[in-house]
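Here is a short briefing to read alongside the sequence and the model. Please keep both open as you go.

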Amino acid sequence: MASIHFKCSRSLNLHHIGAGIYDSGTWDVSPSEAAQLVGGTLYLHEKKASPSYFGGTVLSFTVVDVPEKAHSRRIVFRIRASDSAKGKAWRGENHRNAWTSRVLP
C-alpha cells in the first residue's frame with residue numbers, strides 16, 4: 001500500500017473525531033495523490049530527522065477550499081490512528097524545503 005510522510009508541528013490541523021479516528025489536513029496534495037493513499041499509511045513528523053509521532057491508515061479524504069493559501073484546493077485525510085505508525089523514520093523526498101515525502105509505493 002502507498003504511504004506518505006508530512007512535516008507537521010504537533011497537533012497542527014489534527015482533530016480527534018472519536019474511536020481512534022482523526023482528521024488531518026489541510027495538505028497541498030492533489031486529489032489523485034490522495035486517492036492513491038486510501039488504505040495506505042500517513043505519518044506525521046515534527047521534522048524530517050525525527051521519527052513519526054502520529055500515523056495511521058488513511059480511510060478517506062475530502063477536498064476543501066482554503067482561500068488564503070496560494071494553492072487553495074487542499075486535502076483533509078481521515079485516518080484510523082495506529083501505534084505501529086509511530087516512531088518511523090522519514091522516507092522519500094528529503095531536500096531542505098521538503099515538507100512531504102510525496103506518495104511512496
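Which residue stands opposite Ser-3 in E4? That residue is Thr-41. The model is predicted, so to speak of local features pLDDT must be at least 70, side-chain atom pairs count only at pLDDT 80 or more, and totals for chains, interfaces and linings use all residues. Residues are numbered from 1 along each chain as its sequence is written, and side-chain values use heavy atoms, with hydrogens and water left out.

**The sheet**

- Six strands form an open sheet in the order E1-E4-E5-E6-E3-E2, with mixed pairing. Strands (E, at least two residues) are DSSP runs numbered from the N terminus, and two of them pair if DSSP finds at least two bridges between them.
- At the edges are strand E1 (3-7) and strand E2 (14-18), each pairing on one side only.
- On average, neighbouring strands of this sheet are turned by 35° against each other, direction ignored; the axes are lines fitted to C-alpha atoms, and angles run from 0 to 180 degrees between N-to-C directions.
- E1 pairs with strand E4 (residues 41-45) in the parallel sense, over five bridges.

**Strand E3 and its partners**

- E2 and E3 pair in the antiparallel sense over four bridges, and Gly-18 stands opposite Ile-21 in E3.
- On E6, Ile-21 has Arg-80 as its bridge partner; E3 and E6 run antiparallel and are joined by six bridges.
- Five of the seven residues of E3 are buried, so this strand is largely enclosed by the rest of the structure. Buried means under 20% relative accessible area, exposed over 50%, and partly exposed in between (1.4 Å probe, protein chains only).

**Aromatic pairs**

- The whole structure holds five aromatic pairs. Rings of Phe, Tyr and Trp (its six-membered ring) pair if their centres lie within 6.5 Å; planes under 30 degrees apart count as stacked, over 60 as edge-to-face and the rest as tilted.
- Phe-6 and Trp-27 are stacked, because their ring centres are 3.9 Å apart and their planes are at 15°. Phe-6 lies in strand E1 and Trp-27 in strand E3 (residues 21-27), so the pair ties together parts that are 21 residues apart in sequence.
- Both Phe-6 and Trp-27 are buried.
- Tyr-22 and Phe-54 form an edge-to-face pair, 5.0 Å centre to centre with 70° between the planes. This pair links Tyr-22 in strand E3 to Phe-54 in strand E5 (residues 54-65), 32 residues apart.
- Phe-54 counts as buried, at 7% relative accessibility.
- Ring pairs also link Phe-6, Trp-27, Phe-77 and Trp-99 into a cluster.

**A buried arginine**

- Arg-74 is found in strand E6 (residues 73-81).
- Arg-74 is buried yet has no salt bridge, and Asp-28, the nearest side chain of opposite charge, is 4.4 Å away. A salt bridge is a side-chain nitrogen of Lys or Arg within 4 Å of a carboxyl oxygen of Asp or Glu; Lys and Arg count as positive and Asp and Glu as negative, while His and the chain ends are not counted.
- Not counting residues up to four places away in sequence, the residues Arg-74 touches include Trp-27, Asp-28 and Lys-69, where contact means heavy atoms within 4.5 Å.

**Positive phi outside glycine**

- Ala-19 is not a glycine, although it has a positive phi of about 55°. Ala-19 lies in the loop between E2 and E3 and counts as exposed, at 73% relative accessibility.
- Arg-102, also not a glycine, has a positive phi of about 75°. Arg-102 sits in the segment after E6 and is partly exposed, with a relative accessible area of 29%.
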